[in-house]
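Work through these exercises with the structure in view. Try each task before you read its solution.

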Amino acid sequence: MEQRMNLAGEIPAGYKAMSGLEAYIQSTGIEKSLLELIKIRASQVNGCAFCIDMHTKDARKAGETEQRIYMLNAWREAPFYSDAERAVLALTEAVTLVTQGHVPDEVYAEAARHFDTKRLGEIIMAIVTINAWNRIAISTRMMPQ
């Protein structure tokens, strides 16, 4: 498969705006390992090879274990995630698959039990942002290096 276009080169202002949103997400207090779990899980759900490759590498650099990265696709059955991480992973899936039942009240409530409203808002923005990046990478056929 060949990359269809270099979006950053074709529409630099739009790409800069997306990069600005990513910079905001990076500036929040979301723990780096949790942020990478969000990015990997959304990318797995969306089937974005480019982002899975990038964020598994970033997760390792942030100190995430191989075991937790490998088991992320089966996080519900794996004993390696905290209750707060599980709540975020469920929220990540619900937001990513928003057309399949929207975001159920119980999923939102469980995440809200672990995070204050500001942090929860930042987490939602992180989920939305990686979903946008996934759509950019998939539609332009960005390939892992």
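A disulfide is a pair of cysteine sulfur atoms within 2.5 Å. Keep in mind that the model is predicted.

**Exercise 1.** Find out how far the sulfur of Cys-51 is from the closest cysteine sulfur, and decide whether that is too far for a bond.

*Solution.*
- Step 1: The closest cysteine sulfur to that of Cys-51 is in Cys-48.
- Step 2: The two sulfurs are 3.4 Å apart.
- Step 3: The cut-off is 2.5 Å, so 3.4 Å is too far for a bond.
- Step 4: Now search the whole structure. The count of disulfides is zero. Cys-48 is accordingly in no disulfide.

**Exercise 2.** Are Cys-48 and Cys-51 buried or exposed?

*Solution.*
- Step 1: Buried means under 20% relative accessible area.
- Step 2: Cys-48 has 2%, so Cys-48 is buried.
- Step 3: Cys-51 has 3%, so Cys-51 is buried.

**Exercise 3.** Check the span of helix α6, residues 83-96, against 1.5 Å a residue.

*Solution.*
- Step 1: Helix α6 has 14 residues.
- Step 2: The expected span uses one less than the number of residues. That gives 20 Å for α6.
- Step 3: The end C-alpha atoms of α6 are 20 Å apart, which agrees.

**Exercise 4.** How enclosed is α6, and what does it pack against?

*Solution.*
- Step 1: Eleven of the 14 residues are buried, so α6 is largely enclosed by the rest of the structure.
- Step 2: Its buried residues pack against α3, α5, α7 and α8.
- Step 3: Take Leu-89, one of these buried residues. Its relative accessible area is 0%.
- Step 4: Beyond its neighbours within four places in sequence, Leu-89 contacts Leu-37, Arg-41, Leu-72, Trp-75 and Tyr-81.

Definitions and conventions: Residues numbered from 1 in each chain as written. Predicted model: local features only at pLDDT ≥ 70, side-chain atom pairs only at ≥ 80, totals over all residues. Heavy atoms only, no water. Helix = DSSP H or I, 4+ residues; strand = E, 2+ residues; numbered from the N terminus. Buried < 20%, exposed > 50% of the residue type's maximum accessible area, 1.4 Å probe, protein only. Contact = heavy atoms within 4.5 Å.
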